[in-house]
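Have a look at the sequence and structure first.

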Amino acid sequence: SGLTLRQASGARTMANKTKACRDIGALLPAAQAACRAFLAACEKEGLPVLITETYRTQERQDYLYAQGRTRAGTIITWTRKSRHTGRLAWDICKNRKGQEYADAAFFDRCGRIAARLGITWGGRWDTPDRSHFEVTSDWKEKRETEMEKRYETLAEVPSWARELVQEMLTRGCFADPHRLHLSEDMLRTMALTDRLLKAREGRK
């Protein structure tokens, strides 16, 4: 037999609660641009990112908040107020079966990319949400010249810091010699620390 209007309405309501929207087009224009810039940068670095959710109705947010509180299950969100409901946030996972949320290094790299683009990463919050990324409605993509320059290989490092970085590479201080991800400020801090340590050794 067919559903009554009330039953059909109830089914739609439940679907709104339980089904995640993964459409980037459901976000506000600024968030759409930010999300696409983020995905392009991740792809460039070989990171297999999969969008798991974008816009979220308040009804769904309340439904998720109830999990682990008034509804069975593990707590998965800490707030009823989310940028998802304002169409300014998206969630991701690693697009590898069995590794969706288990690879901490993957999310750390995604978080660094987000920072370069001026996107907020939930992994840096007091209550970390590593799969969550969000922006404000006035987000604008930074031009390459506005982004902090990063040196990924020894050949890219300025000559004044190359010897120090080479020494650190020799000592195995970097996990991947082809992805150093060093900024100018980081290099200067390393150089100052190196001088301090050598000065202390000279006083002994």
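Which element gives the most to the lining of the second largest pocket? It's α3, with three residues.

## About the model

This is a predicted model, where local features need pLDDT of at least 70, side-chain atom pairs count only at pLDDT 80 or more, and totals for chains, interfaces and linings use all residues. Residues are numbered from 1 along each chain as its sequence is written, and side-chain values use heavy atoms, leaving out hydrogens and water.

## Overall layout

The protein has six helices and six strands; these are DSSP runs (helices H or I, at least four residues; strands E, at least two), numbered from the N terminus. Buried residues make up 35% of its 204 residues, buried meaning under 20% relative accessible area with a 1.4 Å probe, protein chains only.

## Helix α4

Helix α4 covers residues 104-117. Its buried residues are Phe106, Phe107, Cys110, Gly111, Ile113, Ala114 and Leu117. They sit on the same side of α4, because they cover an arc of only 160° around the axis, taken from the directions from the helix axis to the C-beta atoms.

What covers them includes α2, β1, β2, β3 and β4, going by contacts (heavy atoms within 4.5 Å).

## The second largest pocket

Back to the pocket: on a 1 Å grid over the protein atoms alone, that's an open set of points where a 1.4 Å probe fits, with protein on both sides within 12 Å along at least five of seven lines; lining residues have an atom within 4 Å of a point. Of its 22 lining residues, the closest to the centre are Arg56, Ile76, Thr77, Asp129 and His132.

β1, α3 and β4 each supply at least two residues of this lining.

Methods: Expected span 1.5 Å × (residues − 1). Buried < 20%, exposed > 50% of the residue type's maximum accessible area, 1.4 Å probe, protein only.
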